[in-house]
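Subject: Structure for your files

Hello,

Here is the structure we talked about handing over. My notes on it follow below.

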Amino acid sequence: MPTVPYQDPGEDVETRVADLLGRMTVEEKVGQLVVEPATGSVDEVVETVTENVDRHHLGQASPFGREDAPDTPEAMVEVANAIQEYAVGETRLGIPLLLISNAVHGNAYAKGAAVAPHNLGMAATRDPALLEEMASVTATELAVTGAHQNYDPICDVGREPRWGRVFETFGESPRLCGAMGAAKVRGYQGDGIAGDETVLATVKHFPAYGEPVRGEDGAVNELSESTFRRMHLRAHAEAIEAGGGAEAVMPSYAAVDGFSVHGTRKYLGDLLDDLEFDGFVVSDHHGVRMLHDDHRVTGSLRESTLASVDAGMDAFLDQPAAGTYADALVGLVESGEIDEERLDESVAPVLEAKFESGLFEDPYVDLERAKETLRTDDHREVALDAARESMTLLQNEGAILPFDPTVSEVFVAGPNADDLDHQFGGWSRGDNEDGVSIRDGVAAVTSGETMVTFEQGATMTESRDLDAVARKADDADVAVVAVGESQYIHEFALAEKSGETGEFPTRSQLALPDAQRELVETVVDSGTPTAVVLVTGRPLAVADVADAAPALLMAYYPGSEGGTAVAETLFGEHNPSGTLPISMPRSAGHLPTRFNRYRDTDVVGPHEHPASYDPLFPFGHGLSYTEFTVENLSLSAQTATPEETVEATVTVRNTGERPGATAVDCYVSDVQSSRVTPVRELGDFARVELDAGQEVEVTLSVDVSDFGVRQPEGERVVEPGTFEVRVAGETATFDVVEGADGCRDGQ
């Protein structure tokens, strides 16, 4: 029988936390706030973690989720069990470790895992329920291999297409980003983190990261207070509040208005207090060190650590972490610059998460269960459904798609046609074998009588045997050319297959390199009906490709089952239903695109903004092999107070000859306000599936409080006046009137 309260599972969590805190030394408390990202072989990881448990009372470790981390079920389970056995059995208090991974689109650093499309592709599905299911799959595949926390979801609003992390975002709409981020939180945490198939969600990168100057990763986000709150904070807030509330938050590397988020209470602790967040805040990797190394707002690691704690930071992730932040924190407590009560405030939610997760009762994982669980048929099917629904048909001139799967010969080409690393995208293993390439997908989907020929034709930046490409394209009945970007993270690091960083992909180049464009032109010039597939993390500028090729399919980074999804879409087994979550510009010089941007002024006249300045393909664009109509828009009210919701109902009908699905986006515009407001904003969205001839009523909800404007005094107010609601080509209006609390939206 347990002899002390914290060891008794019959006691409530609050009692157990208080009892354990009362028994801990300052050094033991500090150890709970340090996250060591151990890397290397199994033996090296175990040695690093156990040594830091001894020296610094380490309470958290991140041994998974990177290229140089253990990646087989055997290795991951061995690491997890060995370090837990040491932490529990060889320390004074027997506190188990919180183990963390970085799995942003499936447990993609584990061999054999089910890997979903990256977030940009998931946003194209307009299907939060499917994303929640995929997040639950990810949580299960993480939990069985030993992880308890995931550094995800990413809720940054991607408003700078040149940025190297756009593929990790849900696009440019705060409403879409918030809804999809919230779905991931619910999927990861389920009904609570007690259990062996859930993990702690970590909402990042709070509160604004997705609009860096020049598209440079970690650069200052030069945001007005209105833009910061209207476009960025909203998305994070919805995810933080999802379900029972996210368990953790990770701040942004960036500075907002010149204030480094990692070291500024205004942009961290105060905002989280306003949101009633009660979990813990963990720094991004090197984020605290950046305060003195990069931002130069402090002079030393000690000063940076103190500034972060004052800002609301609880836990510290870095490499090495235990021997740096642990010493700094202990010294700051001993000097009285951080009092022990403040230290306890940081430690308590970490311990609470460990108790609620059941780690004190059973911190171990089972190898056989791990091997049986990774990428089961059910998990693969969820990832495949996600890839299917993400497929976004941008162009289909002459209705050349879908191709006939019984044609005699298909020619497949391109640097992304037969490369799983490119298809998986960043934050994935670099030698992927467990997946279906586009080339293999085409071979599987076409008939047994169909010959599939292949010629790469180009790397990312270099042409390869275009004469052979021309010959094979000429012989084929149809052609598929898969171009785009390679795998990368952050500032395009790790794109080794395309050469050194500085070569494509880069933030200075959104157009495809010459070699890839020449490949497309060579195939199209053969006269063979050609579909170009974009496997990419960003909305590339492909006006020339769109001019050359009749069909253009946006596949994003579609994950392990992406080749099947692409092939099924091109050959008609799947009817595309994806919808762009971010506008695709005509060129880098056309940035920023007009959608979700503030109203411009036509100083001389309408010719100041001709259509040629608009996106090549705007947010919300996506074609189908069937036709849909949207009619009979009606609103639930003609007037509303700022606290109310107005429902917009439309009739959606499939007027074509085959089943299909479509997104129904509801846009809202403030007709007149005291501040310049966006041209239009996404108020709500839905996805509907209809058989040929079927119709359905769809109801979308407009939360009036979302459309407040910031007053000169700083108060955010929904102003009285007329708001226009638009769904497809239908429009209606409602008027905002004074409510019981005036027109303040409470934010």
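**Helix H12**

The buried residues of helix H12 are Tyr-325, Ala-326, Ala-328, Leu-329, Val-330, Leu-332 and Val-333, where buried means under 20% relative accessible area with a 1.4 Å probe and protein chains only. Helices here are DSSP runs of H or I with at least four residues, strands are runs of E with at least two, and both are numbered from the N terminus. H12 spans residues 325-334, and because 7 of its 10 residues are buried, H12 is largely enclosed by the rest of the structure. The cover over those buried residues includes helices H2 (26-31), H3 (42-56), H11 (301-311) and H13 (340-356), along with strands S1 (34-36) and S10 (316-317). After H12 comes Gly-336, with a positive phi near 85°.

**How to read the values**

This is a predicted model, in which local features need pLDDT of at least 70 and side-chain atom pairs count only at pLDDT 80 or more, while totals for chains, interfaces and linings use all residues. Residues are numbered from 1 along each chain as its sequence is written, and side-chain values use heavy atoms, with hydrogens and water left out.

**Strand S16**

Strand S16 (residues 551-554) is covered on both faces: Ala-551 and Leu-553 are buried on one side, Leu-552 and Met-554 on the other. S16 runs antiparallel to strand S11 (residues 392-396), to which 4 bridges join it; two strands count as paired if DSSP finds at least two bridges between them. Within that pairing, Gln-395 stands opposite Leu-552. Strand S15 (residues 530-535) pairs with S16 in the parallel sense, also over 4 bridges, and Val-533 has Leu-553 as its bridge partner.

**The five-stranded sheet**

An open sheet of 5 strands has mixed pairing and the order S18-S26-S25-S20-S21. Strands S18 (639-640) and S21 (681-690) stand at the edges with a single partner strand each, so one side of each has no neighbour in the sheet. Strand S20 (residues 660-670) and S21 run antiparallel and are joined by 9 bridges. Cys-666 has Asp-684 in S21 as its bridge partner.

**Helices H6 and H7**

Helix H6 (residues 128-143) packs against helix H7 (residues 174-189) at an angle of about 40°, with their axes 7 Å apart. The axes are lines fitted to C-alpha atoms over the stretch in contact, and angles run from 0 to 180 degrees between N-to-C directions; contact means heavy atoms within 4.5 Å.

Regards

Conventions. Buried < 20%, exposed > 50% of the residue type's maximum accessible area, 1.4 Å probe, protein only.
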